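This briefing goes through the nonpolar cores and then the sheet.

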Amino acid sequence: MIEQLRETIAQAVPGVTLEIIQSTPAAQQPALLVDRDHAFATAKFLKENQQLDFCSCVTGVDYPKLGQIEVVYHLYSVAKKTGPVVLKVRAPRELEQCRVPSLTPLWRGCEFQEREAYDLFGVKFDGHPDLRRILMWDEFTDHPMRKDYVPPKDYEWEPTPHDDTLTRAVEVAGIIPPSAREELEKAKKK
Amino acid sequence: MAYDEGLKSELQKSGIFVLPFEQLYNWGRKNSIWPLQFGLACCAIEMIASAASRYDLARFGAEVFRATPRQADLMIVAGTVTKKMLPQVVRLFNQMPEPKYVIAMGACAISGGPFKDGYNVLKGVDRFIPVDVHIPGCPPRPEALIHAIMTLQRKIAGQTLGQDQRWYEKSATTEFPIPAFGAHDLEPPANREVWQPPRNYTDVTIAEVLKK
């Protein structure tokens, strides 16, 4: 079905690059990866010709190894009672180039969710009517959901009764308490 | 306070009550606590339950929840205090008239609770305002809040007039500094006059933790 949709889009939007991303078996929701330049045209086609009239979710995913940030849109059709069609757009991780077209002009409900993605992932949405931070304060400069975000060091590490579990977590999963992170890095260098 | 217990008891039999003015004054104060009406998260639901008919906070004279800080003398910090919300909490506290008290209700308000390692959550409201009673629990049951009110009442009953209280000192300020929104965190991240980090905090090493 997604292949069919892909064909339809490819015919309707000239020059578009589409890729089907198979997701994990649990979700069973293959997604359509669209190139940035044709994302808006594709979305417009989906809205107008495929009756995907409702955008339920906009979020971001950080892929530090790919050097990319992905914005994911979940589109539903209330008219046809189908969905979701998962639309993905990727942009480079660098803050300056991390730009994707905003789909707020098509689905009004994207406005706050795109603001959230901007706030937490640092994705700039071109064409967004009011791109401000929504969760963190305006003076905040970081994007906390990025994998390389370092939270402020205001956490008190105290020995607790479940230290054995934590020790195992350090050994098995490599989970390190925030306050001990620096120290461990120093020890590694030595 | 020097007064004759025997005489007091004798007089009481004939219907005359003798007690220090301080006691009378504090008796009035402690049985008429007006909390500030605001809740930040799920603890607020327990606070509402405490004030409603089943748990009936009115039995302890603390049922008049005021919607303005100018008329309140108890702040119940019920819920997670995010860093974005904190300046408003401190501002409300500053606007309350003295004498004023704070109850930090629930794990979040006392320490950050389950959100302790979140970048956006304040790790305990006592970093910025002086807390009189801490209630653990997630969320604490209404009984726990009532117990906290009773604890606060005991504290009020034990306070002396005009001497050792913060708000009677001439130099005392009722203004607690409101932190500013910084680029990465609140500035300052804690009010050091109110709160000091635990003494051993910086001493705990990962080696120590791993050894245990």
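The largest nonpolar core holds 44 residues, and those with the most contacts inside it are B:V77, B:I103, B:A104, B:M105 and B:V125. Seen by element, the following parts of chain B each give this core at least two residues: strand 1 (74–78), strand 2 (101–105), strand 3 (133–135), helix 3 (43–51), helix 4 (86–95), helix 5 (106–111) and helix 6 (142–157). The model is predicted.

**Cores**
- Leaving aside residues up to four places away in sequence, B:M105 touches B:C43, B:M47, B:I76, B:V77, B:A78, B:I135, B:P140 and B:L145.

**Sheet of chain B**
- An open sheet is formed by 3 strands of chain B in the order 1-2-3, with parallel pairing.
- Strand 1 and strand 3 of chain B are the edge strands, each pairing on one side only.
- On average, neighbouring strands of this sheet are turned by 15° against each other, direction ignored.
- Between strand 1 and strand 2 of chain B, the parallel pairing runs over 5 bridges.
- B:A78 has B:M105, in strand 2 of chain B, as its bridge partner; B:A78 is also among the residues that B:M105 touches.

**Helix against the sheet**
- Helix 6 of chain B lies across strand 2 and strand 3 of chain B.
- The angle between helix 6 and strand 3 of chain B is about 165°.

Key. Residues numbered from 1 in each chain as written. Chains lettered and ligands numbered in written order. Predicted model: local features only at pLDDT ≥ 70, side-chain atom pairs only at ≥ 80, totals over all residues. Core = buried A, V, L, I, M, F, W, Y, C linked by C-beta atoms within 7 Å. Buried ≥ 20, exposed ≤ 12 C-beta atoms within 10 Å, placed from the backbone. Helix = DSSP H or I, 4+ residues; strand = E, 2+ residues; numbered from the N terminus. Contact = placed C-beta atoms within 7 Å. Pairing = 2+ DSSP bridges. Axes fitted to C-alpha atoms, helices over the stretch in contact; angles between N-to-C directions.
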